[in-house]
Amino acid sequence: MIKRINRREWLLRLCFLTLGLIIAHLGVTLFLISSLGTDTFTVFAAGISHITGISVGLCHSGIQCVLIVLMILFTKGYIKTGSFICCLLGGPIIDVFNWLLGRFVNEDSPFILRLAVMALGCVILAIGMALVIVSDAGTGPNDLVAVILTDKLKKFQFRTVRICCDLFFIIVGWLLGGTVGIGTVTAAFLVGPVAQVFLPVHRRNIERVLESKLNTQR
């Protein structure tokens, strides 16, 4: 059953989602400027691009649109306003951070620096993604795959399901012609477990803030 919430709570949850998006895409940017591989979902999109001749960007957006339609048709309550916000704001946020940080770290930087930036990016991505998920305002369709499977399978924790989903994207994308780097593999095994740690932390903090803010209105 979909939980009914008032307008103030909904706006607060959207604020948490937006903050999570900014944090997550700072992580994505750090990951990308390290030039040690693309994220797992982009490998999948690149594989589709390789066999169709369509650009990676269009494939990325197209797959997300297909996922949204499938989730609307076959699941209930997972696609929310925030899901579309995730799709729309992700690219521009990355562009801003890339403009700010790309001059400091790039493919010409020392390997050890790039490796550290890549690992830090994976951790920051996981922290932000966890905040987006527990905001309960909507999640990007590619991240929702692991969330839905975790809810349906029940006996498997999010970190395990997320690792399996990421490995699926990597293997299928690679078989279709996508490029896999050390960063891609690192992300597959690091993002899910780190997000698992922060999911309950963010959930407690959000509930605490909501309780405080909403009680002041009564």
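What radius of gyration would a compact globule with 218 residues have, and what does the protein chain have? A compact globule of that length would have a radius of gyration near 17 Å, and the protein chain has 17 Å, which agrees. The radius is taken over C-alpha atoms, and the globule rule is 2.2 Å times the number of residues to the power 0.38.

This is a predicted model, in which local features need pLDDT of at least 70, side-chain atom pairs count only at pLDDT 80 or more, and totals for chains, interfaces and linings use all residues. Residues are numbered from 1 along each chain as its sequence is written, and side-chain values use heavy atoms, with hydrogens and water left out.

## The whole chain

The protein chain has eight helices and zero strands. Helices (H or I, at least four residues) and strands (E, at least two) are DSSP runs, numbered from the N terminus. The C-alpha trace spans about 55 × 40 × 30 Å along its principal axes.

Of the 218 residues, 45% count as buried. Buried means under 20% relative accessible area, exposed means over 50%, and partly exposed lies in between (1.4 Å probe, protein chains only). The chain exposes about 11700 Å², and carbon and sulfur atoms supply 68% of that area. Accessible areas come from the Shrake-Rupley method with a 1.4 Å probe; for residues, only the protein chains shown count as cover.

The chain carries 19 positive and 11 negative charges, and their mean positions are 11 Å apart. Lys and Arg count as positive, Asp and Glu as negative; His and the chain ends are not counted. The place of a charge is NZ of Lys, CZ of Arg, CG of Asp or CD of Glu.

## Helix 3 and its cover

Helix 3 covers residues 56–74, 19 residues in number. From its first C-alpha to its last it reaches 27 Å, close to the 27 Å expected at 1.5 Å a residue. The expected span is 1.5 Å times one less than the number of residues.

Which residues of helix 3 are buried? They are C59, I63, Q64, L67, I68 and M71. An α-helix has 3.6 residues a turn, so residues three or four places apart point the same way. What covers the buried residues of helix 3 includes helix 2, helix 4 and helix 6.

H25 sits in helix 1. H25 is buried, with a relative accessible area of 13%. Leaving aside neighbours within four places in sequence, H25 is in contact with G90, I93, I94 and F97.

G82 belongs to helix 4. G82 is buried too, at a relative accessible area of 0%. Not counting residues up to four places away, G82 touches L17, A137, G138 and T139. G82 and L19 are 63 residues apart in sequence and 12 Å apart in space, C-alpha to C-alpha.

S35 and K154 each have a positive phi, and neither is a glycine.

Notes: Contact means heavy atoms within 4.5 Å.
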